[in-house]
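Here are a few exercises to work through with the model open beside you. Try each one yourself before reading the solution.

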Amino acid sequence: MKDFRTRFYLIFISLFLLCMSGSLTACSQENGKQEKLDQQVKNFLESSKNNWRDMNVPESDGQLLYDIIIKNNYTRAVEIGTSTGHSGIWIAWALSKTGGKLITIEINKRRYLEALANFKKAGVLEYVDVRLADAHELVPMLEGPFDFVFSDADKSWYINYFKDLNPKLEVGACFVTHNVSKYNNYNFYEYVSQLPNYKTTLDDRGAGMAFSYKKAE
């Protein structure tokens with residue numbers, strides 16, 4: 001009986017070590033993949049930092065979006081207004097680390113095609129669902145739930161986009177709106193800041209953004 005227990009114990013230890021070895025190998029491979037992607041994104045952003053036109057966000061705003069997603073571990077994101085992909089790259093890069101994916105919407109075909117090419121060059125295309133569509137029509141049709149939204153399309157429709165997505169946002173989600181400050185598109189800030197289930201703040205760095213966190217349904 002003693003020999004049997006000894007053999008069973010040795011087999012158990014061997015299997016455990018084998019499993020641990022496999023897990024460590026998989027973990028190492030995953031870390032290696034992420035490190036490779038990180039370097040590819042950094043290289044692309046550095047090489048193209050002076051080339052962003054077409055109403056793309058400045059680098060500081062892209063960094064803010066990235067930080068929010070990482071900090072809150074968001075995974076289901078929507079971007080309204082892709083342009084040629086600068087903000088989407090920052091968002092998708094963060095989502096590559098949280099296991100998430102971005103749906104991004106662009107109405108202009110030229111910008112849409114440029115964004116596709118830029119996502120591919122940056123290495124983040126697998127984390128992005130790029131849609132050529134009119135956001136006025138598509139946004140109400142999107143199926144949630146979502147936990148992160150970046151709104152950077154036609155400013156006169158900001159409140160409408162918010163109303164369309166609000167029911168699909170989880171508690172804890174963040175709705176970020178670009179080009180909003182005390183002097184720019186302030187009507188949107190006045191609207192969301194009065195909602196009792198949201199906490200909204202303004203960040204005047206970069207082009208100005210409003211951050212609305214959903215506290216309750």
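**Exercise 1.** Find where Asn179 is placed, and decide whether Asn179 is buried or exposed.

*Solution.* Start with the place: Asn179 sits in the loop between strand 5 and helix 7. Here helices (H or I, at least four residues) and strands (E, at least two) are DSSP runs, numbered from the N terminus. Next, look at the accessible area: Asn179 is buried, with a relative accessible area of 18%. Buried means under 20% relative accessible area, exposed over 50%, and partly exposed in between (1.4 Å probe, protein chains only). Finally, check the backbone: Asn179 has a positive phi of about 60 degrees, although it is not a glycine.

Before going on, note that this is a predicted model, in which local features need pLDDT of at least 70 and side-chain atom pairs count only at pLDDT 80 or more, while totals for chains, interfaces and linings use all residues. Residues are numbered from 1 along each chain as its sequence is written, and side-chain values use heavy atoms, with hydrogens and water left out.

**Exercise 2.** Work out which residues Asn185 touches, not counting residues up to four places away in sequence.

*Solution.* First locate Asn185 in the loop between strand 5 (169-178) and helix 7 (186-193). Then list its contacts (heavy atoms within 4.5 Å): with that sequence limit of four places, Asn185 touches Lys155, Asn179 and Val180. Now turn to the polar atoms. A polar atom of the Asn185 side chain lies 2.6 Å from the backbone oxygen of Asn179. The side chains of Asn185 and Asn184 are joined by a polar contact of 3.4 Å. A polar contact is a pair of N or O atoms within 3.5 Å; within protein, one must be able to donate a hydrogen and the other to accept it, and residues adjacent in sequence count only if both atoms are side-chain atoms.

**Exercise 3.** Trace the protein chain and count its helices and strands.

*Solution.* The count gives seven helices and seven strands. Along the sequence, the pattern reads α-α-β-α-β-α-β-α-β-α-β-α-β-β.
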